Amino acid sequence: MTTANQQGTPAWQLALAWLFVGIPLTWGVLQTLSNAMKLFH
Amino acid sequence: MSMLSFLDRSHTVAKPGFSRWMVPPAALCVHLCIGQAYAFSVFNLPMTKLLGITQSAPGDWNLPQLGWIFSIAMFFLGTSSAVFGRWVEEGGPRRAMFTAALCWAGGFFISAIGVYVHNLWLIYGGYGVLGGIALGIGYISPVSTLIKWFPDRPGMATGMAIMGFGGGAFIASPLSVGLMDKFSTSTHIGVAETFIVLGAVYFCFMMVGSAIVRVPPPDWKPIGYVAPVKTHKLITRNDVFVYDALKTPQFWLIWMVLCLNVTAGIGVLGQASAMSQEMFPGQISVTAAAGFVGLMSLFNMGGRFFWASTSDYIGRRNTYFVFMVLGFALYCTVPYTGSIGSVALFVCAFLIIISMYGGGFATVPAYLKDMFGTRYVGAIHGLLLTAWSTAGILGPVLVNYIREYNVTHGVPKAQAYNVTMYIMAGLLVVGFICNLMVKPVDARFHMREREDENLAPAKAAA
């Protein structure tokens, strides 16, 4: 949903905030996924 | 005290131009850090060899002693979220996140000293007590804020944050192992140094969350959002005071629903590796079992977001009906998968079960919001987390002791879990009945109406 507030927040700030949490989370998920793949070997 | 005034709720009210999509990353900053608790077991084995280095020496701690660290932390999670819930709710998310960051980092630093001087009581007090308090305060800190920012999608919003708690272990586990490798030498195991680095990193990460979090201005609504005209009987527009919620049957019914759902999931989560190997001897190796556990963790995390988001469309009570009915069918199927030797069916059954275990955690804040309103939902959620602590004891006890009883009474290991699975299915039937009994909260518990009632005698006297 679009809000008036969203128009006022710089996109780079939003992107930075999401990258800040997204990068470590993605790294952790990939590490776990590579371990999980052992189930199929 | 004025130095800390930036922590006050009044200083966290969003100015025009603030995007609500900044709030989920703020919540994730906290939940990704405190989710480390699920990965604490990676320290257990290294901490049994702190003196002996290559193997345990006299004076080294043993696994049962170390197991208490996690248990104490979980106990204080439930206790602190119940005790500090109202304080968190009234003081706002920034103060709560800041406090959680201090306690979480402090817990690691005290534990590092405990490892350095080899005093287990310092670790019990550090990670167990202080860290446990951080877990409780941190877990509930963003809940009501997210619900207020996302009145149109409360399930999705809280699901996103609580998903972070599940995801925190994914980061902590490889990070901790990597740091311990880096700090360990042939004469030293680098647990203390790892605790210090983790404490410092988590503190910074949580402070970012504390800095960027905002509460919406009073009566703020997303543009285009119109509260449903047609009222849903299970979604209230009134608020219930935190301690009045305890007097309602709805609180205790949802408490039972959460407790039973978590009991059913947590027992198998802890025993998944051993169970898969014993039910499928020769088919699932130790390595494959580790992969299975990893896959379960991913579904535990993904289920939090998926089911909580789904609940926005099908309703909270219906979501729990799905957990109970589908869970019942799947638990009853597990012994059959063992008897026909179908690993694929076994894995699929448990992945769905564990996604619903995570989903149960993530959907409950929105369920509470529907029942008790948004004003004290964080605090009420804190009180409800005692169900988690209870389930944390019940689940493993049921799985472990019933398996042990069966094995000592001559039941083959491959069938030792069958009775447990049927008991878990039975628990979900009880959960189904409790969920069925959830009705709207009686109007006498609503805050506004109570205030009006209190004012009535005064008006009459005037």
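**Contacts in chain B**

Guide: In the contact between the two chains, 31 residues come from chain B and 26 residues from chain A. Two residues are in contact if their C-beta atoms, placed from the backbone, lie within 7 Å. This is a predicted model, in which local features need pLDDT of at least 70 and side-chain atom pairs pLDDT 80 or more, while totals for chains, interfaces and linings use all residues. Residues are numbered from 1 along each chain as its sequence is written, and chains are lettered from A and ligands numbered from 1 in the order in which they are written.

Visitor: Which helix gives the most to the side of chain B that touches chain A?

Guide: Helices are DSSP runs of H or I with at least four residues, numbered from the N terminus. α12(B) gives the most, nine residues. At least two residues each come from α1 (23–34), α8 (154–183), α9 (191–212) and α12 (286–314) of chain B.

Visitor: How many residues of that side of chain B are nonpolar, polar and charged?

Guide: Ala, Val, Leu, Ile, Met, Phe, Trp, Tyr, Cys and Pro count as nonpolar, Asp, Glu, Lys and Arg as charged, and the others, Gly among them, as polar. The side of chain B that touches chain A has 21 nonpolar, eight polar and two charged residues.

Visitor: Into which domains is chain B divided?

Guide: Domain bounds come from an automatic or database domain assignment. Chain B has domain 1 (2–212) and domain 2 (242–448). Their centres, taken over C-alpha atoms, are 24 Å apart. Each of these domains of chain B puts 30 residues into the contact between them.
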